[in-house]
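Please keep the structure in view while reading.

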Amino acid sequence: MGTRTSKLKRAAEFGWVAGFVVIAAGVALAIDPLPTTINDFHAPGTQPGTLTSAPVSAVVCSFCHGSYDEAEEPYTRWAASMMGQAARDPIFHAALRVANNDAGAGGESCLRCHVPQGWIQGRSEPTDGSGLESNDFQGISCSICHRMVDPEHTPGVDPAVDAAILAGLTELPFNPHSGNYVIDPEDRRRGPFNLGADWPGGFPFHPFEVSPFHRDSRMCATCHDVSLPHHSKQPDGTYAPNAWDTPAPSDDKYTQFPEQRTYSEWLGSMFASGPVEMNGRFGGNQTAVSSCQDCHMPKTTGEGCGFPSPVRNDLPQHNMNGANTWVLRAVNALYDQGETGLTDESIEDSIARNVDMLQRASDMELSENAGVLNVRIINYSGHKLPTGYVEGRRMWVNVQFYNGSNQLIAERGAYNTATAELTTGDTKVYERVHGIDATIAALTGLTAGPSFHLVANNVVYFDNRIPPMGFTNAFANMVQSGHTGYVYADGQYWDDTAYAVPSGARRADVTVYYQTTSKDYIEFLRDNASSGMENPGQVAYEMWEMFGKSAPVAMDSGSVSLGCPCDWNGSGELNSQDFFDFLTGFFASNADFNADGVTNSQDFFDFIGCFFAGCS
């Protein structure tokens, strides 16, 4: 352990151990936990302790799949993704503690996807993660993804051995979600390429199978459609707890409470029907994209594994880009780089790729008519914007109105960088809000309404996130990703927000921001992730403060001229007073009429031309 971060690291690791132990000892909590057990979170697929060969450490994989061209080899970019650091994420640690505080064994569902290597080897009990070993913290590791088996076997397409693997399961997954993966019990590694064809005499290093599943979005659905199985859908459309200490009556995810539906949002989009020409918007060699992998693992030209090395034009970069803009820096502060595989450069490169993806996800169009500014945001991603884990994530529109003297006279959606507070009442905020109903409130002692108590939540109170191309209300509602408290028409993949232009405004600067972790959410974790000893929520809060309070990312920005530019005083009437007011500003060097950054004679001539033309 490096001395640079040893104190923070000890605090983070101790946080895993303390939570469940203190709960079991009977320390009073802020709420009465739901009386769930491991059984309430049971899912079909491969079960813990059933692998014949243990997963291999990602470090072992790096000996052949790392330390060469970083744009081609998979290890470096995987390690610098949130997939690679999913089990070290301090926000996850804090949320896991809250889950265990809110429901007995509530962390079980969290560990399945964030720490699959530990879960599949039977180290997820107790559900605070205190039984995990060092390699388990490698997150969604090479051995997990590359030993995954398609639960829907197609003879002649999928590896022949998979039929026997699936037949040997006690319960076959109904559909991919919530970490109900199938893992090959043997160390047969799967991918889209036929390695045997590239090695005379056969591939010598490890068993392999050619797997089309690894280019299929259904693989991503395994952890990017997440349900809470202890809450089942009722005939009236609400969600109620099942009988305690018993598995969900159905593994159909659409009968369980939808914690997130990123894959299902994609499934209802135009992208799911085939490649959509995006003119290279999401990078890589493909200009048209369809699957999750096409955008989040863009294909490049590079050398594959062979002798001699084959040159592939469809080599997937293991970027796993998403929208997280700060947590990698926190992981780097809490853990040694020798353990994480991170470097200062790989962290900043990864965050830059995430910011780039956010900026490519949407476009903005600005227009003004009759004193009303319209801001249109167009969603070009393959799912809702924003998507994924809903707690603390949001987008909003910021509008700054300036007068003819370039003075800010009004602002909508103002964000205070010092306090991380957003003014929400005068602008559009895009988000999904979960919470609890009266039944859960009575069981827990919490107040019914919106909340960040993820495992207790059983109501969607609001969802105005922008749908993807191809959206229909019928499909979105069927897969539990419809809108609540907001309306989009079928086919609408944009949203408009109207702002009244204040008197005297001559220009509007507009920016669409995205934020990974809001102040409200991080304060909730700080205040609710303690169980009497170390508080991982406090660790997460300190990291959030240390690394810029999840500084918002500008996704789109633009400016638009408003009204008649030579109505200098903004009275709504062009007259001689505008001329004299302009001259006053001109001689004070504060009349940059043409907005070129300086006040000079050209501004005077441009203003005179506008004035005598009458702004018609």
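## Contacts along the chain

A contact means that heavy atoms lie within 4.5 Å. The model discussed here is predicted. Among the contacts in the protein chain with a separation of 6 or more, 68% are made by residues 24 or more positions apart.

## Overall size and surface

The protein chain has 616 residues, and its radius of gyration is 27 Å. A compact globule with that number of residues would have a radius near 25 Å, so the two values agree. Taken along the principal axes, the C-alpha atoms fill a box of roughly 90 × 65 × 55 Å.

Of the 616 residues, 54% are buried, where buried means under 20% relative accessible area. The chain exposes about 24,600 Å², and carbon and sulfur atoms supply 55% of this area.

The protein chain contains 20 helices and 22 strands. Three of the strands form an open sheet in the order 10-11-20, with antiparallel pairing. Strand 10 (362-369) and strand 20 (494-500) each have a single partner strand and stand at the edges, so one side of each is left without a neighbour in the sheet. On average, neighbouring strands of this sheet are turned by 20° against each other, direction ignored.

Strands of a sheet pair through backbone hydrogen bonds, either parallel or antiparallel. How many bridges join strand 10 to strand 11? There are eight, and strand 11 covers residues 372-379. Leucine 366 stands opposite valine 375 in strand 11.

Conventions:
Residues are numbered from 1 along each chain as its sequence is written. This is a predicted model: local features need pLDDT of at least 70, side-chain atom pairs count only at pLDDT 80 or more; totals for chains, interfaces and linings use all residues. Side-chain values use heavy atoms; hydrogens and water are left out. Two strands pair if DSSP finds at least two bridges between them. Helices (H or I, at least four residues) and strands (E, at least two) are DSSP runs, numbered from the N terminus. Axes are lines fitted to C-alpha atoms, for helices over the stretch in contact, and angles run from 0 to 180 degrees between N-to-C directions. The radius of gyration is taken over C-alpha atoms; the globule rule is 2.2 Å times the number of residues to the power 0.38. Buried means under 20% relative accessible area, exposed over 50%, partly exposed in between (1.4 Å probe, protein chains only). Accessible areas come from the Shrake-Rupley method with a 1.4 Å probe; for residues, only the protein chains shown count as cover.
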